[in-house]
Amino acid sequence: MEGEGVGDMSILPESCVANVLSFTSPPDACRLSLISTIFKKAAESDTVWERFLPTDSQAIVFRSSQSSLLRSRISKKQLFFSLCDNPILIDDGKMSFGLDKWSGKKCYMVAPRLLTIAWGDSPQYWQWVSDPNSRFAEVAEVSAVGWFDIKGKINISMLSPATLYKAYLVFKLTSRVSGFENRPIEALVGLVGSESCKRTVYLDNRNARNRNDHNHPNNRGDGWLEIELGEFLNKGEDDYGELEMGVLEVKRLYWKGGLVVQGIEIRPKEGQ
């Protein structure tokens, strides 16, 4: 009959369907896999998920002690979701790398040992300890400081292009926390050598549970808190330059202690 099969994608070769799906997004590919058997098979193919993986993902994984992921027989889809759910350590454990499961864009966390922490090497001010819930071998705990200043950098060439990123300080408060309540801290994000975007934040959320003003920490659901430092649009036009992120105390007036830093995380803004 004339017109029979028009609009019926089940008559297309699986490779053709896979090629079409590779131009969608990871969530779309998963949803479209429910349409039919041919869509399900196509959505499992390496053709689709290799497109969702960053082009330099293999080189990044080789910087990890978990480079065996590339030598195993897991599919590209399995590799994708492994990097989404279980970020890997790279660069001798001083940074973690993962993927955003909604977009496939790159996410990083800079470990405390790679951060610049004022008085961080002085045991009377900071202690370097282990935490079973941390990604990294060591976290930095404030013993007692009168000046709170933490900064980290990442080369923008490591980030996904055409992406709006947000940076977060990831930390927790111990039972010994003091000196942070209602004390303004300046958060900053910007390219080194350029003017940074700055905002005022507060790190002690014990009396701010019902606030939703983005100036107080949120629970991550993994035993840690995070406070947004700011955002950065990586246009991808330049392959050089460093992005600086950090927190700086506004006034040196109070001694502080009982705060544990896991790192500074940078990840794509939700909903892109």
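Visitor: Where do I start? Which domains is the protein divided into?
Guide: Domain 1 covers 14–90, and domain 2 covers 106–268. Keep in mind that the model is predicted.

Visitor: How far apart are the C-alpha centres of the two domains?
Guide: The centres of domain 1 and domain 2 lie 31 Å apart.

Visitor: And how many residues does the contact take from each domain?
Guide: It takes 7 residues from domain 1 and 5 residues from domain 2.

Visitor: OK, pockets. How much space lies in the largest one?
Guide: About 580 Å³.

Visitor: Which residues lie nearest its centre?
Guide: Cys-84, Arg-135, Arg-220, Glu-265 and Arg-267 do.

Visitor: Where does the largest pocket lie relative to the domains?
Guide: Domain 1 and domain 2 both give residues to its lining, so the largest pocket lies between them.

Visitor: What about the second largest pocket? What volume does that have?
Guide: About 330 Å³. Its lining has 19 residues. Pro-54, Thr-55, Lys-106, Ser-160 and Pro-161 lie nearest the centre of this pocket.

Visitor: What classes are in that lining?
Guide: The second largest pocket has 7 polar, 6 nonpolar and 6 charged lining residues.

Visitor: And why does it lie between the domains?
Guide: Because both domain 1 and domain 2 give residues to the lining of the second largest pocket.

Visitor: New topic: the largest nonpolar core. Which members touch the most others?
Guide: Tyr-108, Phe-148, Leu-203 and Leu-229. The core has 59 residues.

Visitor: Which strand gives the most to this core?
Guide: Strand β8, residues 163–178, with 5 residues. Domain 1 and domain 2 both give residues to the core, so the core lies between them.

Visitor: Back to Leu-203. What does that residue touch?
Guide: Leaving out residues up to four places away in sequence, its contacts include Phe-148, Phe-171, Phe-180, Ile-185, Pro-217 and Leu-259.

Visitor: Which residues does the second, separate core include?
Guide: Among its 7 residues are Ala-111, Phe-136, Val-139 and Trp-224.

Visitor: Why would nonpolar residues gather like that?
Guide: In soluble globular proteins, nonpolar side chains tend to be buried together.

How values were computed: Residues are numbered from 1 along each chain as its sequence is written. This is a predicted model: local features need pLDDT of at least 70, side-chain atom pairs count only at pLDDT 80 or more; totals for chains, interfaces and linings use all residues. Side-chain values use heavy atoms; hydrogens and water are left out. On a 1 Å grid over the protein atoms alone, a cavity is a set of points where a 1.4 Å probe fits but cannot get out, and a pocket is an open set with protein on both sides within 12 Å along at least five of seven lines; lining residues have an atom within 4 Å of a point. Grid points are joined across faces, edges and corners, and a volume is the space filled by probe spheres set on the points. Domain bounds come from an automatic or database domain assignment. Ala, Val, Leu, Ile, Met, Phe, Trp, Tyr, Cys and Pro count as nonpolar, Asp, Glu, Lys and Arg as charged, and the others, Gly among them, as polar. A nonpolar core is a set of buried Ala, Val, Leu, Ile, Met, Phe, Trp, Tyr and Cys residues joined through side-chain atoms within 4.5 Å. Buried means under 20% relative accessible area, exposed over 50%, partly exposed in between (1.4 Å probe, protein chains only). Helices (H or I, at least four residues) and strands (E, at least two) are DSSP runs, numbered from the N terminus. Contact means heavy atoms within 4.5 Å.
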